[in-house]
Amino acid sequence: MGRRSSASLLLGARNVCRDYRRCYVFLRNIASKRSNVSAPITRALSQLDDPTFRGVLLRSIAWSIACFAALHAGAVWIIHRILALHGWLAWAADILGSVGVSLLTLWLFLPVATAIGMLYLDRIARAVESRLYPWLPPPHGASLLEQVWDGVAVALTVLALNIAALILIFLLPGIGLVLGWMIGAYAIGRGLFVAVAMRRMPRTMAESLYRTSRGVVLMQGAILALASYIPILNLLVPIIGVAAMVHALDMALAAAESPGA
């Protein structure tokens, strides 16, 4: 009787240890996945003190001011030209036009920021690689013309999707705003990742690598799309976005080359 009791206690202890080990491995895997998901953005933010990043930020601010000042001036001119109002009606039209342009500026910031990021993509990527991946050889991927065209295509895609999302906001109030954010997350996440990957590989390989690491890439896109609606913080979207995708690309290549991949 005593031996049976001891055996059953020993068996129970083994089961508890086995369950504890499984639980530990499960929790460790969850923590690892969460860490991997946030790693690209975290690493990108840690490099904000880089002189190259600061230079691109100043240029981005200058480009943004120029673009949206031109947009504001053009909208006011069109209102005066079409409506031909005078007196207090012209004053009221100017105020309403300014408010409307301000809202439009907020909504169009993501495609404009994406276009700016594409202008300085190689400069930002080289700064990240020189600090954190100095062993990498010089990039030899798709042709320069193909990379430029891809950058223009990404910016136009983001613009088109944002216009579609703007229509959804009016058709589906509340839900449309969430859909707009999701569309922006996909457009900027996939677009920036493929553009960064094309510095080191052909388009087909870049798109294939995106499919294998879609979750991490889209999570970065979701964070960037959300940040684009926050004033001041949205100025960092082009820089942090490209830098984060350099890290996401490194993670994707490491996962593809691992024995278990």
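The predictor's confidence in each residue is expressed as pLDDT, on a scale from 0 to 100. In this predicted model, local features require pLDDT of at least 70 and side-chain atom pairs count only at pLDDT 80 or more, whereas totals for chains, interfaces and linings use all residues. Residues are numbered from 1 along each chain as its sequence is written, and side-chain values use heavy atoms, with hydrogens and water left out.

The protein has a mean pLDDT of 74, with 69% of its residues reaching 70 or more. Of the 261 residues in the protein, 36% are buried, that is, under 20% relative accessible area with a 1.4 Å probe and protein chains only.

The secondary structure comprises 9 helices and 0 strands, where helices are DSSP runs of H or I with at least four residues, strands are runs of E with at least two, and both are numbered from the N terminus.

Helix 6 (residues 175–197) packs with helix 7 (residues 203–212) at an angle of about 130°, their axes lying 9 Å apart; axes are lines fitted to C-alpha atoms over the stretch in contact, and angles run from 0 to 180 degrees between N-to-C directions. Helix 6 is therefore oblique to helix 7, a term for angles that are not under 35 degrees (roughly parallel), over 145 (roughly antiparallel) or 65 to 115 (roughly perpendicular). The contact involves Y186, R190, F193, V194 and A197 of helix 6 together with A206, E207, L209 and Y210 of helix 7.

Notes. Contact = heavy atoms within 4.5 Å. Buried < 20%, exposed > 50% of the residue type's maximum accessible area, 1.4 Å probe, protein only.
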